[in-house]
Amino acid sequence: MREDNQLAERPTVAVYYFPNYHADARNASIHGPGWTEWELVRAARPRWPGHKLPRVPLWGETDEADPGQMAQKIDAAADHGVDVFVFDWYCYDDGPFLQRALDEGFMQAHNRARLKLALMWANHDWIDIHPAKRSVPPHLNFPGNISRDTWPRIVRQLVDKYFSHPSYWRPAGMPYFSIYEINRFIECMGGLAGAASALDELRQAARAAGFPDIHVNAVVWAIPVLPGESGLDNPRAAVSVLDVTSVTSYVWVHHVPIHFPVMPYEACRERYEAYRESASALFSPIPYHPNVTMGWDPSPRTVQTDVYDNVGYPFMGTLGGNTPAAFRLALQSARDWLAAQGQRAPVLTINAWNEWTEGSYLEPDQEYGTGYLEAIREVFGVRNG
């Protein structure tokens, strides 16, 4: 298998992609035919003076399962220095969810070779927060737990359908596979030993397909955000037993308590960067891939007529002042930190390409246009061009 080229002086820029902006049968069974999260984006309203909602996409309400419209996203990402879309990948005991953005959109796009794709297994519970009603426990729509018997099916799908795709991201030849909720994976596999055995099965299947190994990435955090999330009591021990290749973060608010109703972006960045230092020391010699978060505001996922109090996600604090200029400073800090670490084949994760209902997106809007994408290009340039 061909090894992906890595430029030591330039990190790989990997951006999380949340695929809930296309019609899906599971969503239709709950919300009705054709429902997507664009409904929430469109309905969002300011909850306090100066709160800038709704956010209006410059490209309109795109259908990410349409390969032509996905091609627009791929071109914009590649033109501005993004190297990888890390798709939030949902797979339950009874099958996949939200897969059409990847399977029909990205993988069928005529220009898919311009970006790499990778998977972050989003193995959390899917709860009804679309929208959430204040002070009412959210209904569990689809449990994130899988049975041990389901794992071989997941292994085969990963190796045969995704890892072998020409656009799949394979640093050092190894397909990159990230797990969002490590603690849940461990519990579902019957404990640490069972989880390590399950990952060994995945490695063996990948080797049998001609890969040297897999790159197992662990998303680790200290502060749960979504209801039902749980972190690791001893993350260092867990990643060692599981023999993970790297550790990263999904979003800053997994590490920084957010003030209500608005916390300055710069203050959150400083708190996260302190965590970045501690994480690097904690997990060494396993590399920690730093994260840059574009913003945070989950208020569009709330019933807009409810009082917006600090009563738990999505009724919680937000980030303010996350302009393209502030985002660029965060990117520069991550770039300089990685250079100082001297990591081989450094990686930066960014939240997110299109988390519109959590206020963290790179897609152009009517306020700043392509400003956030331009910040990435200014800081990192464009690989191979």
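Author: Helices (H or I, at least four residues) and strands (E, at least two) are DSSP runs, numbered from the N terminus. The model under discussion is predicted.

Reader: Between which helix and which strand does the loop with Pro166 lie?

Author: Pro166 belongs to a loop, with helix 5 spanning 151-163 and strand 7 spanning 176-179. The loop that holds Pro166 therefore lies between helix 5 and strand 7.

Reader: Is Pro166 buried or exposed?

Author: The relative accessibility of Pro166 is 61%. Exposed means over 50%, so Pro166 counts as exposed.

Reader: What distance separates the C-alpha atoms of Pro166 and Ala113?

Author: Pro166 and Ala113 are 53 residues apart along the chain. Their C-alpha atoms are separated by 7.7 Å.

Reader: Which helix contains Glu378, and is this residue buried or exposed?

Author: Glu378 falls within residues 371-380, which form helix 11. Its relative accessibility is 51%, and the cut-off for exposed is over 50%, so Glu378 in helix 11 counts as exposed.

Reader: What is the C-alpha separation of Glu378 and His80?

Author: Along the chain, Glu378 and His80 are 298 residues apart.

Reader: How many disulfides does a search of the whole structure find?

Author: A disulfide requires two cysteine sulfur atoms within 2.5 Å. For Cys188, the nearest cysteine sulfur is that of Cys91, 12 Å away, and Cys188 is in no disulfide. For the whole structure, the number of disulfides found is zero.

Reader: Is Cys268 buried or exposed?

Author: Buried means under 20% relative accessible area. Cys268 has a relative accessibility of 0%, and therefore counts as buried.

Conventions: Residues are numbered from 1 along each chain as its sequence is written. This is a predicted model: local features need pLDDT of at least 70, side-chain atom pairs count only at pLDDT 80 or more; totals for chains, interfaces and linings use all residues. Side-chain values use heavy atoms; hydrogens and water are left out. Buried means under 20% relative accessible area, exposed over 50%, partly exposed in between (1.4 Å probe, protein chains only).
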